[in-house]
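Please look over the model below before reading on. My notes on it follow as numbered points.

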Amino acid sequence: MSSLRSPREPSESRQAQPGRDASRSPRERSESKRPLRVAMIGYGFMGAAHSVGWRQAPAVFDLAEDVEMAVLVGRNADAVAQAAAHWGWGASETDWRKVIARDDIDIVDVVTPGDSHAEIAIAALEAGKHVLCEKPLANTVAEAEAMLAAATRAAERGAKAMVGFTYRRVPAVTFLRDLIAQGAVGTVQQVRAAYRQDWLVDPQAPLAWRLQKEHAGSGALGDIGAHIIDMTQFVTGQRIEAVSGTVETIVKRRPLLGSGSGLSGVAAEGYGEVTVDDAAIFTGRLSGGALVSFEATRFATGRKNSLTIEVSGDKGALAFDLEDLNSLQFYDRTAPGDRQGFTKILVTEAQHPYVAAWWPTGHMLGYEHGFVHQAVDLVRAIHDDVDPHPTFAEGLSVQRVLAAVEQSAAKDSAWVRVGVEDLVFERA
Ligand SMILES: NC(=O)c1ccc[n+]([C@@H]2O[C@H](COP(=O)([O-])OP(=O)(O)OC[C@H]3O[C@@H](n4cnc5c(N)ncnc54)[C@H](O)[C@@H]3O)[C@@H](O)[C@H]2O)c1
């Protein structure tokens, strides 16, 4: 069995000490201290992913705080009760305001569509709760500004606020960021970032909330473009300062939604207007001067959930592809010329971000692990009393880029400067 043995020291290996992340000291929490109690609002696609995250985080990582999945909130009593039982929540509730008013709730996790992020997150912060809010932070810049203001006020009382740009927490993406920070590619000169899906190619796909501006804010731009905007800023450590873009609604009317959530649904009678973009293509200029090309589309036939980023510098290049999420491609321009070429780095070593808590080297992680790492990072930030990243300020910066792309598109793709604050894009 030696080929399956972890290269870690026995005390670090999962086999030797199941459920313990050796990078952490033993639990500091006294036995009498109660766990951090989480209330989650919404129970669709992200409700499922976050449930896995909350359940696995304390089971796999050694956290100084325990976590209790206390209450799941939805609007339909029977459906939310069923979802709570299925995903392991202690109770269910239909009124999020009642839950936020409870003294025994510590963390409010907002996994509803963008139209309710601001109202719920601000109320939760004002009630002194820590908040994890799904991306994009809001549907408008004004909402995101109000959310940041609430987070800033709440921070004075110790409350933490974090945005759910989960892909930052794929170990290969975090490691890509670390390599760039260490100078592996030298000066960043160009970035290519694309998030491509094809779930709307069928013109009969129904008019889900993601296709309605009043619920989603924007279409492919805010839904998946937001991820590559955040990822670009995160991995390069630079702000997007200006953009030039165009957006397109390819299918303008669709059957009304009968039932369903997430990215799927069943059509009902009648048609409605699509009020958001299906595809957004834009270029951006980073604060360090590099040029970025972005593509966010739901019309890339054959591409199911393809997220790719490639960062090119004067000393090398790094590339990530979500369809091969355990690895990176690294090109080292400083190597002897006759040995240069893209090299695949398998990001499954114990010294890679987050990996020590999981499996022996070469044993793969998947989509859900990012949600576990997200819960871990928030709990650790609460315990250590530090700001969890991405902060609401980082979430607002993405919102400003989204708005600038729409402004540019409305002005024949003229370059639009992005209003920016001083920001540091950091790991959790
Ligand atoms: N981090 C990621 O990778 C990622 C991936 C997908 C979606 N998201 C984000 O997560 C959020 C939810 O998306 P989803 O795919 O889970 O959607 P979904 O349609 O699958 O689920 C939304 C849930 O919110 C509930 N809901 C809607 N309005 C509500 C309200 N006013 N009050 C209480 N509950 C309400 C719905 O009943 C449902 O349970 C969105 O902001 C989306 O952009 C993030």
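The points below go from the whole chain to its domains and then to the ligand.

1. This is a predicted model. Its chain has ten helices and 17 strands. The radius of gyration is 22 Å, close to the 22 Å given by the globule rule for 428 residues, so the chain is as compact as a globular protein of that length. The C-alpha trace spans about 65 × 60 × 45 Å along its principal axes.

2. Of the 428 residues in the chain, 48% are buried. Among contacts with a separation of 6 or more, 70% are between residues 24 or more positions apart.

3. The chain is divided into two parts: domain 1 covers 2-166 and domain 2 covers 167-417. Their centres, taken over C-alpha atoms, are 22 Å apart. Domain 1 puts 51 residues into the contact, and domain 2 puts in 50 residues.

4. On the side of domain 1 that touches domain 2, at least two residues each come from H1, strand S5 (130-133), helix H5 (141-155) and strand S6 (161-163). H1 gives the most, with nine residues. By class, this side of domain 1 has 28 nonpolar, 13 polar and ten charged residues.

5. The ligand is surrounded by 22 residues, and the closest are Gly42, Gly44, Phe45, Met46 and Glu134. Helix H1 (residues 45-60) supplies the largest share of this shell, three residues. The shell consists of seven nonpolar, eleven polar and four charged residues.

Key. Residues numbered from 1 in each chain as written. Predicted model: local features only at pLDDT ≥ 70, side-chain atom pairs only at ≥ 80, totals over all residues. Near = placed C-beta within 6 Å. Helix = DSSP H or I, 4+ residues; strand = E, 2+ residues; numbered from the N terminus. Nonpolar A, V, L, I, M, F, W, Y, C, P; charged D, E, K, R; others polar. Rg over C-alpha atoms; globule rule 2.2 N^0.38 Å. Buried ≥ 20, exposed ≤ 12 C-beta atoms within 10 Å, placed from the backbone. Contact = placed C-beta atoms within 7 Å. Domains from an automatic or database assignment.
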